[in-house]
Amino acid sequence: MIPASFDYAVARDVGHAIQLLGTSGGEGKVLAGGQSLIPLMKFRLAQPALLIDINRVAGLSAIKENGDLRIGALVRENDLEANPIVRQRYPILVETAAVIADPLVRNLATIGGNLAHADPANDHPATMLAVRASVVAQGPKGERMIPIDELFVDTFTTSLAPDEILTQIRIPKPAPRSGGTYLKLERKVGDFAIAGVAVMIVLDASGKVASAGIGLTNAGPTAIRAGRAEDVLTDQMPDDKTIAEAASRAAAAAEPVSDLRGPAAYKKDVFRVLTRRAIVKAIARAKGGA
Amino acid sequence: MAVETAPATTTGTRRMKVHVTVNGQAHEVEVETRTLLVHFLRENLGMTGTHIGCDTTNCGACTVLLNGRPVKSCTVFAVQADGMSVATVEGLEKDGKLDPVQEGFHEEHGLQCGFCTPGMMITAAALLAANPDPSELQIRQAISGNLCRCTGYVNIVKSIQYAARKTRETAGGKAPDGG
Amino acid sequence: MAVEIGGIGQSVKRKEDARFIRGRGNYVDDVKLPGMLYLDIARSPYAHARIKSIDTSKALAIPGVLAVITGKDLVPLKLEWMPTLMSDRQMVLPTDTVLYQAQEVAAVVATERYIAADGVAAIEVDYEPLPVVVDPIKALQPGATLVREDREQKDNHIWHWEVGDKAGTDKAFKDAEVVVKQDIYIPRIHVSSIETCGMVASFDKINGKLTVWMTTQAPHAIRTVIALVAGHLGLSEERIRVISPDIGGGFGGKVPVYPGYVLAIGASVLTGHPVKWIEDRSENIQADSFARDYHITAELAAKKDGTMQALRVKTVADHGAFDAAANPSKYPAGLFHIITGSYPFAKSFVEVDGAYTNKPPGGIAYRCSFRVTEAAFTIERLVDVLALEIKKDPAELRMQNFIPPTAFPYTSSLGWEYDSGDYGRALKLAMDKIGYAELRKEQAAKRAKGELMGIGISSFTEIVGAGPSKHFDILGIKMFDSCEIRVHPTGKAMVRLGVKSQGQGHETTFAQIVAEELGLPVGDIAVEEGDTDTAPYGLGTYASRSTPVAGGATAIAARKIREKAKLIAAHLLEASPDDIEWKDYKFQVKGVPAKSKTMQEVAFAAYTNHPQGMEAGLEAVDYYDPPNLTFPFGSYICVVDIDRGTGEVKVRRFVAVDDCGTIINPMIVEGQIHGGLTMGLAPALYEQINYDDDGNIQGGNFMDYLLPTAMETPNWETAKTTTPSPHHPIGAKGVGESATVGAPAAIANAVVDALAHLGVRHIDIPITPWKVQKILKEKGVAE
């Protein structure tokens with residue numbers, strides 16, 4: 001499988017990349033980790049006229065905590081997984097990064113690419129929904145923040161303008177008594193999810209759920225937030241019945257399709273099972289467990 | 001915050017001269033920009049130890065180290081490696097001495113047809129560089145992006161354990177300050 | 001002594017490793033010749049369509065594209081069709097109709113690999129889609145869409161084949177106390193060796209010599225096929241050289257002749273340049289021959305106490321659009337009639353009907369000897385169905401019924417003469433090793449708590465080593481194999497064989513046989529295979545035949561050398577040959593150990609001081625026609641745990657006890673078993689190639705065709721018993737495929753066992769999480 005020919009340009013900085021995108025007449029593509037884009041190009045399902053390589057742009061590979069957690073778009077999945085801050089305070093991100101594709105792919109694949117590609121099968125989107133992240137988009141007119149709920153428009157389509165680049169992901173600092181997890185069922189290691197569920201729970205001092213975030217992978221044209229399930233939990237004592245109800249609501253929200261990863265009805269039920277398990281695990285973490 | 005305007009070069013290029021250091025040796029070759037790193041190694045440099053086993057970034061037969069990290073060279077353009085270092089199976093043996101990973105694969109029968117072996121060994125070498133004493137699970141996780149159809153992985157795991165042991169023993173034999 | 005020699009039974013480290021661990025293997029895609037061109041293939045997006053037109057102009061306009069070959073271009077050369085190994089024919093390129101998705105439609109020849117790919121992308125084909133039939137059972141019904149318009153017979157039936165006593169079997173079923181019946185579908189799977197197929201063809205116009213480097217498991221047979229197919233173009237067998245260099249896995253997928261090979265040869269003859277063709281993985285998975293695809297109905301008749309009496313099996317075999325299977329001519333369903341397995345059925349009857357469908361050709365092996373996995377899976381599954389029916393422990397039922405060790409050689413009711421076996425011993429060992437009784441206790445305790453675990457047994461009998469020439473041939477060529485040994489004056493030996501390793505370690509194991517027979521150190525023996533200009537004629541490596549057949553040839557060729565060497569030794573020792581004995585790897589005068597000669601001394605003398613009247617030199621060749629097949633066997637026990645929420649099956653433990661007769665190299669045998677087990681796990685839980693109703697392949701690449709990784713694969717536990725083959729020169733039986741044959745049933749039986757208390761009797765493989773979870777839901781035990 002050989003890609004079609006393309007023009008190649010190395011962006012010196014974000015501004016340069018934006019300028020290249022702007023002048024490509026919609027035919028330009030940003031090359032970050034390339035682990036989704038290059039396979040598509042090899043099958044000639046993507047044939048960009050211009051490939052804008054942003055891998056040499058400085059300043060997009062940092063992870064820092066500054067009130068919130070700020071992750072540069074070019075951070076590789078393995079670096080995210082290994083980062084001491086992330087490991088210590090954001091286990092949900094570690095768990096998400098650790099199940100994306102395989103370890104070799106994760107050495108190149110970037111968190112920004114995982115989100116900007118807007119593949120509903122990608123794993124970060126659900127997690128970002130659960131943790132209520134925002135992304136920073138940079139375009140010719142400057143920067144803007146996009147709340148994660150407004151990022152995913154359709155399969156492979158985001159609300160980024162054609163000449164905007166996703167440069168950073170911002171994740172709110174975990175509240176006290178919070179815990180999160182990402183559970184993914186896959187046909188084998190390295191596969192996309194049959195179903196994936198990200199859950200972030202914050203408990204109040206009484207043990208009630210102060211807030212809940214639940215994101216679902218491969219549950220429709222985009223990653224989705226299971227808002228009804230979140231509502232069921234919020235302000236409630238998370239007993240078995242409430243959790244089960246929330247899990248059922250999450251399954252009801254999921255609209256998976258029948259494919260080689262199983263029939264839709266099966267997947268819907270797996271969303272229920274994984275959501276229940278993820279809520280239980282997130283609550284245990286919120287209470288200080290592993 | 002406004003973005004500063006970049007100097008105007010809006011078009012890219014179809015051919016490009018790339019400088020890549022492979023196994024310590026510098027190469028400068030002009031290639032088509034669409035040239036995959038694996039083809040660059042195999043066709044332009046004639047280094048055929050790195051193999052191609054799939055077209056969907058699954059099998060890992062093409063694994064090389066790019067600036068020290070194992071990646072699938074079928075999913076990297078050669079132009080992306082410009083100015084970087086690449087390590088391939090051909091560079092594992094140094095000064096006529098096999099790398100412990102190579103030795104392990106031979107001693108523990110970690111290969112049969114040999115086709116996945118270069119990629120598997122490169123992944124193993126990277127693992128041991130980062131984690132000199134991996135558990136069996138860590139080994140299995142590390143090689144989960146490399147498919148083998150012959151061995152059933154059991155002896156590959158043993159080969160990597162052999163190499164880990166050997167590396168630790170060798171390191172342990174050195175002066176405490178590391179020499 | 002034995003350790004120094006590295007003879008039979010030693011875990012000698014592999015000689016071939018030296019190049020592979022340094023990246024110095026020489027696979028087909030590593031071959032690069034001056035002036036070499038590249039060939040790439042355009043393929044059909046439709047499963048069945050009329051080709052209205054092919055526009056090659058845009059492709060030809062690309063600088064560097066030298067030629068585009070279509071079916072019409074092959075007609076004047078009489079190359080648009082080629083014969084298959086099964087008395088059928090196959091399109092090289094279609095002239096008017098494509099019969100399956102990904103079928104070759106046109107070939108582009110270009111100066112570079114990338115330009116050839118651009119050429120393929122630029123070819124424009126106008127198709128008129130036709131009705132598609134993908135289900136072989138529907139294909140055999142009257143009025144079904146006709147796949148093969150080119151045949152005189154205007155239906156999709158290829159052949160009917162049957163064996164056994166039909167009337168006697170029917171009567172046994174009528175009279176039986178217990179009958180169990182099970183429909184079993186064994187799905188289409190693909191070998192997917194990590195190296196795809198490919199060729200470099202180099203035709204020397206001046207000398208008329210064709211040299212090809214090719215991913216083939218059978219280089220000599222290929223040479224003959226080329227001569228037969230293209231003889232009319234001036235390709236003559238003495239000027240055809242087939243080189244099978246290092247092969248990156250075969251498993252049966254590199255036995256057939258694929259159109260790409262013919263096109264590469266044609267392009268080289270046409271252009272006078274070397275031409276390389278290397279498949280992509282997608283092409284390999286979508287168009288190269290498949291395995292399995294058997295729709296089986298199996299019935300077993302028994303007494304109430306479990307005594308097995310009769311077996312009746314009806315099967316529809318999906319062969320795709322061409323019957324391009326690689327079976328011995330006499331057996332269109334391969335050796336499927338080993339289906340009586342390890343049990344002494346008094347009566348049995350098997351019938352198989354082959355069908356054409358709009359799919360790529362099927363019916364090759366998948367690391368198994370000619371349909372033996374289909375047979376072993378069916379009988380081992382059926383035995384468990386019987387165990388459930390009569391409520392008997394499946395181990396006990398097997399022990400009760402096994403062909404007893406005293407019954408060998410044993411002739412089955414379907415006509416095979418089993419050479420040797422001790423099935424009870426293997427099962428007992430497996431049960432002891434895994435702790436069978438304790439596992440049953442654990443299972444009962446878990447069931448009480450609502451947890452699901454299962455224990456599955458498979459006590460399979462294989463049939464390999466094809467084969468005796470009275471029954472076995474491919475295209476009329478008898479299935480002997482060969483070995484030529486030359487012992488050089490300095491006591492070093494060159495061994496050449498007609499088989500071809502694809503990872504099995506022949507360079508080591510065949511050297512060990514020679515070492516054992518001649519007393520030469522294994523390091524002094526070079527083994528060469530895969531070059532038809534130098535190796536003796538042989539049928540190649542597949543169906544676990546190298547050790548049973550070529551291994552026999554090697555031992556006998558070595559013994560021929562030893563016979564001659566003995567005469568030379570007698571001459572050197574000034575003794576009568578009758579007074580010379582072979583002892584401790586030396587010739588010595590009987591009773592006088594001090595008077596002895598080593599093989600090295602004899603070898604030197606064979607060239608410098610041989611007896612008057614004797615031919616100089618120390619060489620021998622043997623073409624070995626085995627008197628019978630060999631029958632390796634084993635007992636496998638698998639333990640699985642099932643996730644009640646997701647339906648996931650996890651293999652917790654797997655103990656494999658194998659008996660392959662005499663073991664040449666225990667390290668290599670164990671490695672073969674590990675690999676075979678993983679290729680047994682794969683179709684049991686993961687791999688399957690399906691088609692939608694329009695004939696679109698589902699899972700035509702490694703994203704969706706799920707080869708197990710190190711994470712899915714358990715840590716296999718192995719053990720062995722040794723029951724030598726009485727008819728094989730060194731008692732060896734072959735082992736490369738046993739585990740692939742035996743493992744799927746053990747895993748499927750374990751899953752069914754986990755659910756048996758809910759009334760489950762069978763689940764078709766691959767046992768996906770959704771199949772299991774559906775059952776859990778229906779039975780009301782899902783999380």
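Guide: Asp584(C) sits in the loop between strand E26 (580-583) and strand E27 (586-589) of chain C. Helices (H or I, at least four residues) and strands (E, at least two) are DSSP runs, numbered from the N terminus. The model is predicted: local features need pLDDT of at least 70, side-chain atom pairs count only at pLDDT 80 or more, and totals for chains, interfaces and linings use all residues. Residues are numbered from 1 along each chain as its sequence is written, chains are lettered from A and ligands numbered from 1 in the order in which they are written, and side-chain values use heavy atoms, with hydrogens and water left out.

Visitor: What is phi of Asp584(C)?

Guide: Its value is near 50 degrees, which is positive although Asp584(C) is not a glycine.

Visitor: Is Asp584(C) buried or exposed?

Guide: Asp584(C) is exposed, with 53% relative accessibility. Buried means under 20% relative accessible area, exposed over 50%, and partly exposed in between (1.4 Å probe, protein chains only).

Visitor: And what about His109(B): buried or exposed?

Guide: His109(B) is buried, at a relative accessible area of 1%. This residue other than glycine also has a positive phi, near 55 degrees, and it belongs to the loop between helix H2 (100-107) and helix H3 (117-130) of chain B.

Visitor: Staying with chain B, why is helix H1 (residues 37-44) described as largely enclosed?

Guide: Because 7 of the 8 residues of that helix are buried, the rest of the structure largely encloses it. Among the buried residues of H1(B) are Leu37(B), Phe40(B) and Arg42(B).

Visitor: What covers the buried residues of H1(B)?

Guide: The cover includes strands E1 (15-22), E2 (25-32), E3 (63-66) and E5 (85-87) of chain B, along with strand E1 (37-43) and helix H5 (113-122) of chain C. After H1(B) comes Gly46(B), with a positive phi near 70 degrees.

Visitor: Changing topic, how many residues do chain A and chain B each bring to their contact?

Guide: Chain A brings 48 residues and chain B brings 44, where contact means heavy atoms within 4.5 Å. The area buried between chain A and chain B is about 3,500 Å², with carbon and sulfur atoms giving 56%. Buried area is the accessible area (1.4 Å probe) that two parts lose on being put together, summed over both.

Visitor: How many salt bridges are there between chain A and chain B?

Guide: The count is 3 salt bridges, a salt bridge being a side-chain nitrogen of Lys or Arg within 4 Å of a carboxyl oxygen of Asp or Glu. One of them joins the side chains of Asp102(A) and Lys72(B), at 2.5 Å from N to O.

Visitor: Within chain A, which domains are there?

Guide: Chain A is divided into domain 1 (7-53), domain 2 (63-171) and domain 3 (178-286); the bounds come from an automatic or database domain assignment. Domain 1 of chain A gives 11 residues and domain 2 of chain A gives 15 residues to the contact between them. About 940 Å² is buried between domain 1 of chain A and domain 2 of chain A, and carbon and sulfur atoms give 77% of that area.

Visitor: How many salt bridges link domain 1 of chain A and domain 2 of chain A?

Guide: There are 0 salt bridges between domain 1 of chain A and domain 2 of chain A.

Visitor: Finally, where is the cis peptide bond that involves Pro409(C)?

Guide: It joins Phe408(C) and Pro409(C), with omega about -5 degrees. Pro409(C) is in the loop between helix H12 (394-401) and strand E18 (410-411) of chain C.
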